[in-house]
Amino acid sequence: FKDYEVILCDDCSTDDTVEVVTRFIEDNPDMNITLLVNEENLGVLGTRNRLLNNASGKYIMFCDSDDWMDDNCLEVLAGYTADDPDRIIAQFRDVDQDGKIVQIQDLPQEPNKWICGVHHGSVYKRQIFIDHDIRFEKKYPDDVYINVLFHKYCDKVCFVHETIFNCHIESVSVHVCTSPDA
């Protein structure tokens with residue numbers, strides 16, 4: 001599957017990201033890759049807005065710097081675009097820093113758009129963002145906020161009961177406290 005554009009945005013990194021990406025683009029002229037470099041640090045939300053403003057495709061997918069797609073991810077998701085959905089939501093894995101799968105975010109057998117509050121493994125119709133001036137704002141949690149806004153204007157959602165996206169998570173320790181009277 002080759003019908004996609006990749007837009008990478010460097011948000012004032014202090015490593016050699018720009019050089020690495022520039023070499024990759026030069027070594028892969030057949031790929032449709034654009035590199036944007038922020039002149040000032042916009043943070044993840046401002047950078048997502050910049051990516052939205054520079055995208056040209058019918059659909060958009062966000063992939064944070066510590067997340068990754070399975071090799072067939074875009075091909076699988078593109079297979080659901082024939083019915084012209086507003087959003088396509090796939091299952092994804094939560095993976096810790098050691099590469100261990102912490103959990104798979106399975107979709108229920110009969111899901112609805114309101115249960116999916118994160119962007120991981122999702123494709124959005126870009127025009128809905130444009131028509132309704134939906135932008136990422138400094139609201140927490142940002143995924144839930146943006147998806148509630150998007151779903152207000154979203155009619156048709158397709159669900160992919162296949163795990164094709166990976167979300168890096170930090171390990172979390174859970175401590176259960178009970179009172180001595182419990």
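Histidine 120 sits in the loop between strand E6 (101-105) and strand E7, where helices (H or I, at least four residues) and strands (E, at least two) are DSSP runs numbered from the N terminus. The model is predicted: local features need pLDDT of at least 70, side-chain atom pairs count only at pLDDT 80 or more, and totals for chains, interfaces and linings use all residues. Residues are numbered from 1 along each chain as its sequence is written, and side-chain values use heavy atoms, with hydrogens and water left out.

**Histidine 120**

- Histidine 120 counts as buried because its relative accessibility is 9%; buried means under 20% relative accessible area, exposed over 50%, and partly exposed in between (1.4 Å probe, protein chains only).
- The side chains of histidine 120 and aspartate 67 are joined by a polar contact of 3.2 Å. A polar contact is a pair of N or O atoms within 3.5 Å; within protein, one must be able to donate a hydrogen and the other to accept it, and residues adjacent in sequence count only if both atoms are side-chain atoms.
- Beyond its neighbours within four places in sequence, histidine 120 is in contact (heavy atoms within 4.5 Å) with Asp64, Asp67, Ala90, Phe92, Asp143, Phe165 and Cys167.

**Salt bridges**

- Side chains of opposite charge can pair when their charged atoms come close.
- A salt bridge is a side-chain nitrogen of Lys or Arg within 4 Å of a carboxyl oxygen of Asp or Glu, and by this rule there are seven salt bridges.
- One of them pairs aspartate 64 with arginine 48, with 2.9 Å between the closest N and O atoms. The two residues are 16 apart and link distant parts of the chain: aspartate 64 is in the loop between strand E3 (59-60) and strand E4 (68-69), and arginine 48 is in helix H2 (residues 43-54).
- Aspartate 64 and arginine 48 are both buried.
- A network of salt bridges links Arg48, Asp64, Asp142 and Asp143.
- Lysine 125 forms a salt bridge with aspartate 84 (3.1 Å, N to O). This pair also links distant parts of the chain, 41 residues apart, with lysine 125 in strand E7 (residues 122-125) and aspartate 84 in the loop between helix H3 (73-78) and strand E5 (87-95).
- Lysine 125 is buried at 12% relative accessibility, and aspartate 84 is partly exposed at 34% relative accessible area.
- A salt bridge also joins lysine 125 and aspartate 86 (3.4 Å, N to O). Aspartate 86 lies in the loop between H3 and E5 and lysine 125 in strand E7, so this pair ties together parts 39 residues apart in sequence.
- Aspartate 86 is buried, at 9% relative accessible area.

**Nonpolar cores**

- A nonpolar core is a set of buried Ala, Val, Leu, Ile, Met, Phe, Trp, Tyr and Cys residues joined through side-chain atoms within 4.5 Å.
- The largest nonpolar core has 21 residues, and Ile60, Phe62, Phe129 and Phe150 touch the most other members.
- H2, helix H4 (126-131), helix H5 (142-152) and strand E8 (157-168) each supply at least two residues of this core, and H2 gives the most, with three.
- Not counting residues up to four places away in sequence, phenylalanine 62 touches Arg48, Leu52, His119, Tyr124, Phe129, Phe136 and Phe165.
- Another core lies apart from the largest one and has 14 residues, among them Phe92, Val123, Cys158 and Phe165.

**Cysteines**

- The structure has zero disulfides, a disulfide being a pair of cysteine sulfur atoms within 2.5 Å.
- The sulfur of cysteine 12 is too far for a bond because the closest cysteine sulfur, in cysteine 9, is 8.7 Å away.
- Cysteine 12 is partly exposed, at 31% relative accessibility.
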